[in-house]
Amino acid sequence: MTQPGVSDVVEAAIESRRQQVNQAIAEELPVKEPTRLWEASRYLLDAGGKRLRPTVLLLMAEALSGVEPGTRSYRSFPSLTGTEVDILSAAVSVEIIQTFTLIHDDIMDADSYRRGVHTVHEEFDLETAILAGDTLYAKSFEIILETGAPVERSNQAIGQLARTCTAICEGQALDVGFEGRRDVSTDAYLNMIEQKTAVLYATSASLPGILLGADDETVDALYEFGLDFGRAFQIKDDLLDLTADTETLGKDQGSDLIEGKRTVVTIHAQNNGLDVDDLVADPELSLDAVVRALEEAGSLTYAEDLASEYVASAKAHLELLDDTPARTLLADLADYVVHREY
Ligand code: IPE
Ligand code: IPE
Ligand code: MG
Ligand code: MG
Ligand code: MG
């Protein structure tokens with residue numbers, strides 16, 4: 001029998017947590033009146049999604065408590081102070097925030113596909129998509145109130161989630177504001193992706209620390225792990241937008257190029273004398289030809305190397321934790337994020 005590879009092990013770890021998160025989502029968000037709103041709210045959640053943020057959260061809880069991964073109920077999970085916490089609620093909460101941001105992001109980015117199905121504003125309508133996003137946003141706060149953690153930790157967790165939502169809005173505003181601009185620096189891009197994407201990973205990684213009663217130093221290290229993990233994740237997302245086809249990705253290939261987004265890839269190209277906006281505007285050039293030009297300019301390799309640097313930095317932040325199977329899985333998950341194909 002051949003040994004399972006690291007990515008098989010990581011995918012199995014994601015899958016078992018995904019099933020539990022999905023079941024909890026169905027319990028938390030039943031379809032009721034007005035059914036069109038609740039169906040639209042459930043539509044993307046039911047379509048799929050990798051569930052990477054709840055996986056980070058649940059694995060981090062296991063790494064902190066030192067329990068064998070997958071052996072304890074997430075609904076009554078041992079904290080560091082003897083009480084039990086419903087950590088699954090926190091995992092569901094971050095996934096619901098994620099899905100809310102996707103529904104609104106697809107409106108902003110004028111996209112048609114997400115998680116292999118139509119985007120919510122196309123499947124339903126714009127009004128319903130805005131409301132479905134708002135509904136999920138509010139529900140995530142209701143749900144994080146259900147962890148049963150001591151009130152001080154619970155309050156801290158809610159504050160953390162709220163600040164994260166503000167940061168995502170700021171990041172998305174920067175992203176939209178950068179469209180078509182030729183003067184966006186790599187530093188400005190890195191700040192933008194920190195806000196729009198990395199903070200939600202940082203919150204997913206640090207919420208178990210807060211809710212299970214870890215010390216401040218540990219909570220900070222978990223947050224930094226999530227930031228670097230999230231930066232690597234978004235750089236890979238920007239690469240996949242160029243290199244993965246719509247079917248594999250489950251979302252529109254080349255959306256960033258068409259929308260004139262600034263990414264680390266296009267900024268690198270610009271700095272090396274290749275004007276991506278001009279290439280995209282050239283009716284003679286296919287999307288594939290533009291991607292080939294970016295590849296020849298070394299811009300894809302540059303982005304891949306940068307993502308790998310962030311993965312290495314993320315893993316270094318885990319050193320503070322005891323060496324457990326859950327910690328190993330988190331490090332493997334960080335590697336997986338930059339090797340994934342969708
Ligand atoms: C997409 O996130 C949004 C970004 C921050 C790039 P994911 O690629 O994790 O999307 P799902 O949740 O798996 O659909
Ligand atoms: C989205 O970034 C970040 C958030 C949803 C907050 P993208 O616009 O690159 O995400 P995708 O590629 O559409 O998933
Ligand atoms: Mg988008
Ligand atoms: Mg976007
Ligand atoms: Mg993207």
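Predicted model: local features only at pLDDT ≥ 70, side-chain atom pairs only at ≥ 80, totals over all residues.

Q: OK. How many of the residues of α9 are buried?

A: 21 of the 28 are buried, so α9 is largely enclosed by the rest of the structure.

Q: And at what angle do α8 and α9 pack?

A: About 140 degrees, with the axes 6 Å apart; α8 covers residues 186-212 and α9 covers 216-243. An angle over 145 would count as roughly antiparallel, and this pair is therefore oblique.

Q: Is that crossing left-handed or right-handed?

A: The crossing of α8 and α9 is right-handed. The residues in that contact divide into 15 nonpolar, nine polar and two charged.

Q: Switching to ligands. Which residues are around ligand 1?

A: G49, K50, L52, Q98, R115, T197, Q234 and D237. By class, that shell has one nonpolar, four polar and three charged residues.

Q: And what's around ligand 2?

A: The shell there is T101, L102, D105, D109, I168, Q172, K196, T197, D237, D241 and K251. T197 and D237 are listed around ligand 1 and around ligand 2.

Q: Which helices supply at least two residues of the ligand 2 shell?

A: α4 (87-108), α7 (151-178), α8 and α9 each do. The largest share, three residues, comes from α4.

Q: How does the ligand 2 shell split by class?

A: Two nonpolar, three polar and six charged.

Q: New topic: where does R340 lie?

A: R340 is in the segment after α16, the helix at 325-339.

Q: How far apart are R340 and K236?

A: They are 104 residues apart in sequence and 8.4 Å apart in space, C-alpha to C-alpha.

Q: Last one: is D187 buried or exposed?

A: D187 is exposed, because 9 other C-beta atoms lie within 10 Å and the cut-off for exposed is 12 or fewer. D187 is found in helix α8.

Q: And what separates D187 from V264?

A: Along the chain, 77 residues; between their C-alpha atoms, 9.4 Å.

Conventions
Residues numbered from 1 in each chain as written. Chains lettered and ligands numbered in written order. Axes fitted to C-alpha atoms, helices over the stretch in contact; angles between N-to-C directions. Helix = DSSP H or I, 4+ residues; strand = E, 2+ residues; numbered from the N terminus. Parallel < 35°, antiparallel > 145°, perpendicular 65-115°, else oblique. Left-handed = near helix turned anticlockwise from the far one by under 90°. Nonpolar A, V, L, I, M, F, W, Y, C, P; charged D, E, K, R; others polar. Near = placed C-beta within 6 Å. Buried ≥ 20, exposed ≤ 12 C-beta atoms within 10 Å, placed from the backbone.
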